[in-house]
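Subject: Handover of a structure

Dear colleague,

Please find the structure below, followed by a short account of what was found in it. I would be grateful if you would read the account with the structure open beside it.

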Amino acid sequence: MSVLVTGAAGFIGSHLSEALLAQGAEVVGLDNFDSYYDRETKERNLRPALDHEGFQLVEGDIRDEETLNGLPEVTAVVHLAARAGVRPSIEQPVLYSDVNLMGTTRLLGFARDRALGAFVFASSSSVYGNNDKVPFAETDRVDHPISPYAATKKAGELLCHASTHLDGIATMCLRFFTAYGPRQRPDLAIHKFARLLDEGQSIPMFGDGSTSRDYTYIDDIVDGVVKSLGWAETNPGSHEIVNLGESQTIRLSEMINMLGEEMGIVPDIQRLPMQPGDVDRTYADVTKARSLFGYDPRVDFRDGLRRFVSWYQRQPKSS
């Protein structure tokens, strides 16, 4: 098996590349080292994969047809690359639409032209918006996204459906629920708050702390991606949308307090109003993932947080 992993230098992409390599796959990692966060961090993410003879890094943009045409032969795609983040998408909706929609369209065309068997697309729990029903199930209506980012992820799912219908490519759309753990993006809450605590700064808490998230440890996310890829490869012509979450929720105030406890620091909370685009809660129903390909999340939040803090405290202060 040879897999193209887009966004390979990122948080999830670097962990996934290592997991695939460990299983004997060859991996072509595609990344444009976008300036959303610093290149040094991404290069550090990739070091373990780069030491493996089965890994090949290609630096390029998912929107660039020449880059895609020049890629080595692969048998499947895991498409993780995207402009990420809800709040920045409100400020730059055109850029988000261009990267996330045009990039996905180009990659689906690449999969069609190469006659690939499977295409796994990284969607997001943000597509559910402020869904009243919990836990969130794949059969719930997701017609009311509240950010451009969420809208691009919903649109990406639809592009995958069209590709399966027209070209017969097996497409698997995975709705990730707040992935965290070692190498987490520095702008995401747990990593950002850890850095602020370490620097003796206050923690910005938007709202009253009652918003909640289904935090999913990186090992569980990667396990789900690998299993879903295997399922798609053995089910040609299929199109599935599947939640990957931990199926438990943690309030924002709880997360901040637990992080402070693990770091041995009492957080100084700066209370701020809710921000546009933020959802009140996320909560995954993972019944479908369990039944379809044996997804079995195992890392509870306290344990995962402890592992993250251990990793964070070993990093250079600039990370």
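The sulfur of Cys-173 lies 3.9 Å from the closest cysteine sulfur, that of Cys-160, and this is too far for a bond, because a disulfide is defined as a pair of cysteine sulfur atoms within 2.5 Å. By this rule, the count of disulfides is zero. Cys-173 is buried, with a relative accessible area of 0%, and Cys-160 is likewise buried, at 0%. Here buried stands for under 20% relative accessible area, exposed for over 50%, and partly exposed for values in between (1.4 Å probe, protein chains only).

Please note that this is a predicted model, in which local features need pLDDT of at least 70 and side-chain atom pairs count only at pLDDT 80 or more, whereas totals for chains, interfaces and linings use all residues. Residues are numbered from 1 along each chain as its sequence is written, and side-chain values use heavy atoms, with hydrogens and water left out.

Next, the helix packing. Two packed helices are described by the angle between their axes and the distance between the axes. Helix α7 (residues 189-198) packs against helix α9 (residues 252-263) at an angle of about 50°, and their axes are 10 Å apart. Helices (H or I, at least four residues) and strands (E, at least two) are DSSP runs, numbered from the N terminus. Axes are lines fitted to C-alpha atoms, for helices over the stretch in contact, and angles run from 0 to 180 degrees between N-to-C directions. α7 and α9 are therefore oblique to each other; angles under 35 degrees count as roughly parallel, over 145 as roughly antiparallel, 65 to 115 as roughly perpendicular and the rest as oblique.

Which residues meet? Ala-189, Ile-190, Phe-193, Ala-194, Leu-197 and Asp-198 in α7 are in contact (heavy atoms within 4.5 Å) with Leu-252, Met-255, Ile-256, Leu-259, Gly-260 and Met-263 in α9.

Two further residues deserve a look. Arg-271 belongs to strand β13 (residues 269-272) and is exposed, at 59% relative accessibility. Leaving aside neighbours within four places in sequence, Arg-271 is in contact with Met-205 and Asp-208. Ser-147, in the loop between β5 (118-124) and α6 (148-167), is buried at 6% relative accessibility. Not counting residues up to four places away in sequence, Ser-147 touches Val-86 and Ser-89.

Yours sincerely
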